[in-house]
Amino acid sequence: NSGDGPLERMVPQPIVCRSVDEVLQRIPGVKPVLANSLSVFDDHQLDPTKGDRRILFLGVGCQVHALRSIEKDLGFDEIFVLGTCCADNIRSPEALSKF
C-alpha cells in the first residue's frame, strides 16, 4: 500500500500479525470486504519453514473454502479459521468509505 491519496486506506489488503497485541493495534474493527487474503502465502509473508507453525486465518466463505483446498500443501502444523460474513465486492473506495 503506497499511501497515495486519502482513500488509499480503504483498499482492502491482508494483514499478517504475529501476536495478540499486534492484532489489537493494527486491526481497529471488521468491515467484511473481499481482499486477496491468500496472497500472504504466495509472497511468503507466512512461511512454516521460518517459524510460522500455527496460524489463524480470517476470511469470508469463499476464501476459507479456497484455503481448505490447499491447506495440506502449505505445511503448517495447524490452521485455525475464523469465517466472517460474506460481502459484495465493492469496487469503489468511495462507496466503501460510506459503507
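Contact means that heavy atoms lie within 4.5 Å. This is a predicted model, in which local features need pLDDT of at least 70 and side-chain atom pairs count only at pLDDT 80 or more, while totals for chains, interfaces and linings use all residues. Residues are numbered from 1 along each chain as its sequence is written, and side-chain values use heavy atoms, with hydrogens and water left out.

**Exercise 1.** Locate D47 and describe its surroundings.

Step 1. D47 sits in the loop between α2 (39-42) and β1 (54-60); helices (H or I, at least four residues) and strands (E, at least two) are DSSP runs, numbered from the N terminus.

Step 2. Apart from neighbours within four places in sequence, D47 contacts D52 and F76.

Step 3. D47 is buried but has no salt bridge. Buried means under 20% relative accessible area, exposed over 50%, and partly exposed in between (1.4 Å probe, protein chains only). A salt bridge requires a side-chain nitrogen of Lys or Arg within 4 Å of a carboxyl oxygen of Asp or Glu. The nearest side chain of opposite charge to D47 is that of K50, 4.1 Å away; Lys and Arg count as positive, Asp and Glu as negative, and His and the chain ends are not counted.

**Exercise 2.** How many salt bridges does the whole structure hold, and which parts of the chain does the pair R54 and E78 tie together?

Step 1. The search finds five salt bridges.

Step 2. One of them joins R54 to E78, at 3.2 Å from N to O. Because R54 belongs to strand β1 and E78 to strand β2, this pair ties together parts 24 residues apart in sequence. R54 is exposed at 58% relative accessibility, whereas E78 is partly exposed at 37%.

Step 3. R53 also forms a salt bridge, with D77, the closest N and O atoms being 2.6 Å apart. This pair links the loop between α2 and β1 with the loop between α3 (61-74) and β2 (78-84).

Step 4. R26 pairs with E22 at 3.1 Å between the closest N and O atoms. These two residues are about one helical turn apart because they are four residues apart in helix α1 (residues 20-26).
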